[in-house]
Amino acid sequence: MFPARIWREFPQRYRLEAVKNKDTGEVYFPPRYVSKDGKKFNGEKYILPDEGKIFTYTVIDVPPSQFKDEAPYVVCIVELTDGTKVTCQITDYQKEWLAIGKKVRLEFRRVQTDAHHGVISYGYKAVPAE
Amino acid sequence: MVGIVGYGAKIPRHRIKVEEIAKVWGADAESYKRGLQLTEKSVPAPDVDCVTLSVEATKYALRRAGVTGDQIDALYIGSESHPYAVKPSGTICAEAIGATPHCHNADYEFACKAGSEAMFVCLGLVKSEFCNYAVGIGADTSQGAPGDALEYSAAAGAASFVMGRENILAECLYTHSWMTDTPDFWRREHQHYPQHGGRFTGEPAYFRTIMGCANALLEKSGMKPADFKYAVFHQPNGKFPMRVGKMLGFEREQLETGWLVPTLGNTYSGASPIGLTAILDVAQPGDKIFMVSYGSGAGSDGFVFKVTDRIKEVQDLAPKTRPQLDENKIYVDYGTYAKYRKKILKND
Amino acid sequence: MRDVAIIGVGMTKWGEIWEKSLRQMFVETAYEAIADAGIEKLDGMYVGSMSPGLFVGQEHIGALLADYLGQKNMPAGRVESACASGGLAVKCAFLDIASGNSNIILAGGVEKMTDVSGDGATYALATAADQEYEVFHGATFPGLYAMMARRHMHEFGTTRRQLSHVAVKNHENGSKNPLAQYPFKVTLEGVESSTMIADPLTILDCSPITDGAAAVILADMETAKKVARNNPLVKIIGIGHASDSIALHDRPSLSGLEATRLAGERAYKMSGKTPEDINVAEFHDCFTIAEIIVLEELGFCPKGKGGEFTEACNTHIGGKIPVNTSGGLKSKGHPVGATGVAQVIEITKQLRGECGDRQVEGAKVGLTQNMGGTGASSIVHIMEVL
């Protein structure tokens, strides 16, 4: 992975930085440059809450090449406490625990390692919080 | 007055038992458990490394400190398992907690002493008023060579401390550092696993160095073991810290709170710092804490802390250390452990 | 706008075509369509292909294929909208003719997917999702549809068994299609006990990795009537095209496909038809759950009832609305960029009455629904035989 591509996403992946549209109250994660209905807006930095619930999930048994050493792993959509939804992996789970609605917390983890030689991509993953 | 303003520890959920490792190597689990006085150790999942542990521990520390990332003027991670040979770990952690860009940063390495080294430098920086807040972290995801005695103990964990001059929860009264060139344990460039001098790591290395540091610190402070509610030493196995504590005149009750190694393993740079977090979790105002780390090569950093009234306000602000160690464990078998720790030969 | 008709179709056997290259597959197929139309020269060509760059390392296939087709110098280009690339090619051809710019256009699609390993193909397909905020975290296409399936099950009580019914029905249809990649029948239990790909979806819930091409020739009605031989003319009477957030987490609901609903509404409006008027349909059943949701979004059954509707055999040949008589993506195969074109071919053949064992008796009006990614692009065509 070329470093610039992950580097420019660090504010979102490391610190959950979103943008809040001060005109409408909408939260954009990742940030948007015009509003969802195509208007310029007054934005401010907004940090997403790191707690939420599993909205939906799946267990990936057949992974793409960059995750071939990780399968099976769980990908989910978390609905955070402010209603924002994010896609990420669930880690440190036990299979029987998995269900829609379970409480999770976002932690800082390795997401991709680009084999043994490339730049390591860090980001958020969900861990059980109940 | 300088000292700890916030602290936090992070211990991974995964564990492997001594029996599981012994089984693979045809070794006698009971004699390892007796000899090392430990029954299991923490295992980092593949998505965990010294940086991820540092970030989570530091988030907890900031929460207890009541300061934000942008107030941090310096951040140092001490580790012998930095994920990159060239490229700092500290920048990743600083970026994740929002401490960039106005921040001083360096990675430390001094075998198991790197964490206390980071703490020591942070205390110096806030005392000199070069920094208002400085974060010192000890974190490791250490590897022992397959089948080696170290494989039973090399574990993962991190402790992070925000040091400052105001809102202190444990004042640092005295420090002392003691070191010589003693090659008891090392890992050469490009090698996966460390090597060690067997029994040479004991008497002339661990015990001589810790005793040298601890005695000098007691003398400097004019205190005696009985003046302390708690003491914590580097804990490469269950036996050593208890023995060195007794040699110095500490009682078992003073040592037990920070003695995590029997179920945690040796977290290297995290070992005595995580022990300190477990003590702070239960300490009362006025308690005095004696801490001496040890890093092969070899040296020790010693600290005398005095707990302040503020401790009661912060203990519950973030997850405590003992529950992380005792609860929600996920046991893995040796195959999973070998896969997680990249001990299985694969094509790149 | 001028009226546009389909005057020729071409499709060769799909599957793992080890011995043929992308250009060979395409040329053989396109030539068949040209012969079927009874013409010699094209005014232009649009080729739908999702990712020839990642699959065979070849971009710029518009010019390449025009040259190899013996139609050098004509305007030719590739259009891309992930798995809806083929549908987009047909739409572009339609607009080119309807606007009066051209008279005879070839809309084709091609994908050569077996020149990369399985994980390489999974990687290439995943580029149709949000790279930085879905795929970065390990999401795959089966995984994303599995998360939709889980929501649909959670919200409407759709069952694992109902998903299996889609696969069984489409393989039943595909077994009658000699061009299908997997023309065999499967059982409900067989679907459920097959290898898990992304829980709850098994390998028999998923469309396969396929090499294949498809081509149709479109012409304005005047030209069509002039060149038409014995083939009945099939007129494109409605086109709807819509998009949606590419990332699932940006959508308010995961149990629906808004772009498909909007594309359907637009196509119905343009054609003046309603779901009741449709005699036969080809849906984008890249995964079994997709067919169930599309049934709901295109108005063939109420929201949340797609599973029950399927289980009650309404989508079988002879049912209320036969869906995927070709075998669908499931059994016929899914060479991504070719799929949207192949759907138009199946409906054209149904309307011409050329489908043999799988013919829907008296079919006059048919619909195709082609979508890209997790439904962030959707294109619906409605056709009527003259």
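Me: Before we start, how are residues and chains labelled, and what kind of model is it?
Reply: Residues are numbered from 1 along each chain as its sequence is written, while chains are lettered from A and ligands numbered from 1 in the order in which they are written. The model is predicted, and local features need pLDDT of at least 70, side-chain atom pairs count only at pLDDT 80 or more, and totals for chains, interfaces and linings use all residues.

Me: How many helices and strands are in chain A?
Reply: Chain A has 2 helices and 8 strands, where helices (H or I, at least four residues) and strands (E, at least two) are DSSP runs, numbered from the N terminus.

Me: And how much of chain A is buried?
Reply: Of its 130 residues, 39% count as buried, meaning that 20 or more other C-beta atoms, placed from the backbone, lie within 10 Å of the residue's own.

Me: Which strands form the open sheet?
Reply: In chain A, 3 strands form it in the order β2-β1-β3, with antiparallel pairing, and two strands pair if DSSP finds at least two bridges between them. The edge strands, each pairing on one side only, are β2 (27-28) and β3 (43-47) of chain A.

Me: What is the bridge partner of Val19(A) in β2(A)?
Reply: That partner is Tyr28(A).

Me: Switching to chain C, at what angle do α4 and α14 cross?
Reply: The axes of α4 (residues 85-98) and α14 (residues 339-352) of chain C cross at roughly 65 degrees and come within 5 Å; axes are lines fitted to C-alpha atoms, for helices over the stretch in contact, and angles run from 0 to 180 degrees between N-to-C directions.

Technical notes: Buried ≥ 20, exposed ≤ 12 C-beta atoms within 10 Å, placed from the backbone.
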